[in-house]
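Reader: Could you walk me through the terms used for this model, please?
Author: Gladly; here it is.

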Amino acid sequence: MLEDRTTAAPDALWPAAYPQGYAVVDVETTGLARDDRIISAAVYRLDARGEVEDHWYTTVNPERDPGPVWIHGLTSEALEGAPLFQDIAEEFATRLADRVLVAHNAVFDWSMIAREYARAEREAPVRQRLCTIQLSKELGLPLPNHKLESLAAHFGVVQQRAHHALDDARVLAEAFRPSLHAAASKGVRLPLLECRPLTEWSGSPHIGRQSSGGYQPGSWRPSRKRPSCPYPNPGRYEEGKRLKQGMRVAFSGDTSIDRELLEDRAVEAGLHVATSLSRLTSLLVTNDADSGTSKTVKARQYGTPVIDEAAFGQLLRDVEPAAED
């Protein structure tokens, strides 16, 4: 029996703006890269108060090597007779439709799901997601780290099969319910982020100020090496001023807009997208400046300016041209 360490919010105090239903999701995959595939998926559907309505689980044939079997336990033999993703896409969609997708490190699960639907030439019926890592931060839970097992232990949830999609989804669903009630009792605004469906990438991208290739907003493509920024670094961004071509911009954490698209917009505006943060970085873009990621820690050490995604989007509309030689 789950020990609820929170006080349930009375009906009169339940925030009217909270969603009407949730889909707690976990997927196991062949790896972490953009071209990796889902090999199993589980969904627990919850009502507005976090009570379980039903659950669903399936294995998926990835049509390739299953990857780290020692982690997820699914061998090629076990997946040989499993359905392809396009065969379970409709059922999966009915489990997600009209609900907020909830996952632990939601940007990963959402990205994998969206890419599978893109390959199947469909759209995942998800418009918002909620990351339980971020929610635990909003609640100030005294966790030693951001692992699912730590969140589960805090709420007295017993894990039976770690890295099995169905059990991971069950554990998360049981830990999410008291988290949701704690948020409602404290009047905490849920950290909801937008999910933009992806479409299959085709053709060669043309990076430039007047990009006219096959890349449309929300499209997906495999990871690639970006061209070098043609402009010199003009230094750090100054609050209240415009971005300037050549500035080095780093990103950290979850973003509403697909990260690849956000980075492409920065490149097209003439900025240098940096994969790491150094003393030369002009700006860090993150929606969670208080997180303990290596980039946010270094930004504080170096005094690097930090802004959120919304502010960065506004600045991208009017980037100052690089100085002419």
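Reader: What is the order of the strands in the open sheet, and how is the pairing described?
Author: The 6 strands follow the order β3-β2-β1-β4-β5-β6, and their pairing is mixed. Strands here are DSSP runs of E with at least two residues, helices are runs of H or I with at least four, and both are numbered from the N terminus. This is a predicted model, in which local features need pLDDT of at least 70 and side-chain atom pairs pLDDT 80 or more, while totals for chains, interfaces and linings use all residues. Residues count from 1 along each chain as its sequence is written, and side-chain values use heavy atoms, leaving out hydrogens and water.

Reader: What makes β3 and β6 edge strands?
Author: β3 (52–59) and β6 (192–194) each pair on one side only. From one strand to the next, the twist averages 25°.

Reader: How do you know that β1 and β2 pair?
Author: Two strands pair if DSSP finds at least two bridges between them. Strand β1 (residues 21–29) and strand β2 (residues 38–47) run antiparallel and are joined by 9 bridges, so they meet that definition.

Reader: Which residues of helix α9 are called buried, and why are they said to lie on one side?
Author: Buried means under 20% relative accessible area, exposed over 50%, and partly exposed in between, with a 1.4 Å probe and protein chains only. In α9 (residues 294–302), the buried residues are Lys295, Thr296 and Ala299. They cover an arc of only 95° around the axis, so they sit on the same side of α9; the arc is taken from the directions between the helix axis and the C-beta atoms. Exposed Ser294 and Gln301 are on the face turned away from that buried side.

Reader: What do the buried residues of α9 pack against?
Author: They pack against β9 (248–252), β11 (283–286) and β12 (306–307), where contact means heavy atoms within 4.5 Å.

Reader: At what angle do α5 and α7 pack, and how far apart are their axes?
Author: Helix α5 (residues 132–139) and helix α7 (residues 165–186) pack at about 35°, with axes 10 Å apart. Axes are lines fitted to C-alpha atoms, for helices over the stretch in contact, and angles run from 0 to 180 degrees between N-to-C directions.

Reader: Why is the crossing of α5 and α7 called left-handed?
Author: A crossing is left-handed if the near helix is turned anticlockwise from the far one by less than a right angle, and right-handed if clockwise. The crossing of α5 and α7 is of the left-handed kind.
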